[in-house]
Amino acid sequence: MHTVIILSKHSSDLLREYRYLFQPFVDKGAISFCDWNESGTDLETSVPDLYKQIRGKVDWRAVIVSAEPVYGNRKGPVPDEKNPFDFPVEAAKAAEDAVPQDSAIPLVRLTHMICGYPAAPVKNFEEAYEYVDVETGATHRVRASELSREEFYALSEQYRDGLRPIYLQERVSEEAEKARKALEEKYTFSDVRPQEVYLFSLRRHPDDENYIYESWKSPFEMESSDFSRRNNYPGICRFICGDITNPENSRYTRELVEFWMGILTVAVNHIPASILQAYKLYRMQIEVSKEELGETLNRHLNQMEAASAFVQTRLGMKPENVFEDGAKIVEKQRIPVIFTEVSGKDLYISTKDIGLSRDCPADELMYWNTSVREKSDNVERYLKMPRRAVDRAAAQVKSRAESFFDEEYELDRFQIEELEEELDTLELQILTSDTRSTVDGKQIQKKVNEIDRQVKKDIAVRMRRGVVISTGVLILLVYLMGYIPYIFNSLRNGGGAFAGALGISLGATLIVAIGGIVALVLLRKQIVASMERFNDLMRSVVNSVNTSAHKYEEYFSTLCTYMKAQSIYAGVTKRKDAVSARVQKLRTHKQALRTTIARDEELAAAFGIRRAAAFEKNVTRFFDEDKVPKDNRLYYYEIDGGKTEIPLNTAGDMIWAPYKFIAGLKIEREDLYEDVKGEES
């Protein structure tokens, strides 16, 4: 069952130095704390965090601690000296008022908020008469105060022995009933009410002689103190007190610690109903094993002293990662950008098969159109390959930059100035780097279109093979026919002249034929030159891409070097912050350890524990410097975890010990009785 410990302001102040006893159980979720504003008149103003603490918890109990000052001046209602839950003055004033009102006692008012307003108690009875009507057979009751003497005599005469005297509860005024209903509505609870409510408080340590004398007196049970009804506590409440001496007394610390240990023990256990009965006051005493407490405190003190020495050593450690004077702070970072798959061989159009005619050995126009389309697609794919290489280089820069950070560096003032100058230089180089692509795809396509039009024009003026042959033969025949008269004239001059004339004619014709072939060769050269313009364009593209590789390499290398410099600069700042945070954390531990050691030494003195110092090795085994004291297990005692059973009173009931050094719990009824009138003092 979850336990919510509700603390008044003074109770919370008393618990402040001993809250560490409860913290492990708070971390486990077995216990939670709720502050109580005693001036509050409803749940919202009195215990505003209560609903949050019990959300989702069907089974829970409330432990209300109202350990107000028992020595010196006390603000608000003053309880009875023997019973810290009985407020005679306020109870007497409330009894005089016939109309129920909010209790002037903060503790009682809080129980009403949590448990609901109690049902109306039966205070007094008055005389009445009961009779059965002879005509209707109905039973009638009439109060004596409502009958006149004549009416009473008339009823007595009519019913004789049938008129029976009875007693009825005194009437409650309509105003009082309305006020009670208003209080019941005010103290409604929107969540599940607690199954148990334990009230704890402190009282002065009783005078031993008077306490023994009172214990020997044997009043009747019916004379037991009726403080619960008198103060209007709900019936679910159970009342437990502890005895305390004045703060200047040497027993004060021990009794206060035992009081909180007792509350903790009750909070983590189920207390049988037979132990704590309603309407009675009980006194709580905790039994502490001096041997177990001594072992716990000595072990804890040894560990804390070892941790304190460890913290002191850590505070005196010198910084690491210091650059020597004159050493280069930022090394040049090289990021290679290599276009291994961009030779560009598949961008060129072959011209070796271009013939002397338009369609020999293949149709030039068809060949050109097919080649241009193919190479244009290749250009698009080619331009994507460098992008992939650039992306790989960028990823390498990112990966390497990530590896730079999270390092810490220590630089002096002059080295920091040098690093800042280096950062400015690198930043300027990055901002002025020309990393724009020198290859414009649109411009390339425009030039390809221009070359395409020119090549098609040149192809258009070229003749096909059949035309070349027929035209050439025809021209040669016509040209040869011009020599026929010359040949016939040479026949008249003899065979030698004929042979010479024939040779000259054939030679001239051959020269003409060679001239025609030369013309065809020149035309082929022209078309090849036009096509080579496309190849020249592709060579410029390849050259531009290869040139850009060097630019990107310089850019990425500079960028990576800049990131390295930034990481060093950040590392210097981080180290300052880390050193500051580490030192601050270590100083917090130093102060917390000093306070905790003093606390344990005071506890050891209060219980008469003898100090047994021992050296603890492997401090990091039980001390984590990165965890703040609140979350650090070193600052708490090791809880028993439900392994050890301890006796509850002496009747054989057993409960679990929160800590090994808690050896038993006694909850015994206090014999408090009402003052009987006429008794001699």
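In the predicted model, 41% of the 681 residues of the protein count as buried. The accessible surface of the protein amounts to about 39200 Å², of which carbon and sulfur atoms supply 52%. The secondary structure comprises 18 helices and 12 strands. Among contacts in the protein with a separation of 6 or more, 82% are accounted for by residues 24 or more positions apart.

When residues up to four places away in sequence are not counted, Trp260 touches Leu7, Ser11, Leu14, Leu15, Tyr18, Phe22 and Val65.

Aromatic side chains were then considered. A search of the whole structure identifies 18 aromatic pairs. In one of them, formed by Phe152 and Tyr153, the ring centres are 6.0 Å apart and the planes meet at 50°; the pair is therefore tilted, since angles under 30 degrees would count as stacked and those over 60 as edge-to-face. Phe152 is partly exposed, its relative accessible area being 27%, whereas Tyr153 counts as exposed at 51% relative accessibility, because the limit for that class is over 50%.

The pair formed by Tyr659 and Phe661 has ring centres 5.2 Å apart and planes at 5°, and is therefore stacked. Tyr659 is buried, with a relative accessible area of 1%, and Phe661 likewise counts as buried at 1% relative accessibility, because burial requires a value under 20%. Tyr659 and Phe661 also belong to one aromatic cluster, which they form with Tyr20, Phe25 and Tyr637.

Charged groups also sit over aromatic rings. Tyr20, a member of that cluster, has the charged end of Arg599 over its ring, at 3.5 Å from the ring centre. A further arrangement of this kind involves Arg19 and Phe33: the charged end of Arg19 sits over the ring of Phe33, 4.5 Å from the centre of that ring.

Methods
Residues numbered from 1 in each chain as written. Predicted model: local features only at pLDDT ≥ 70, side-chain atom pairs only at ≥ 80, totals over all residues. Heavy atoms only, no water. Phe/Tyr/Trp six-rings, centres within 6.5 Å; stacked < 30°, edge-to-face > 60°. Buried < 20%, exposed > 50% of the residue type's maximum accessible area, 1.4 Å probe, protein only. Lys NZ or Arg CZ within 6 Å of the ring centre and 35° of its normal. Helix = DSSP H or I, 4+ residues; strand = E, 2+ residues; numbered from the N terminus. Contact = heavy atoms within 4.5 Å. Areas by Shrake-Rupley, 256 points an atom, 1.4 Å probe, with all protein chains shown as cover.
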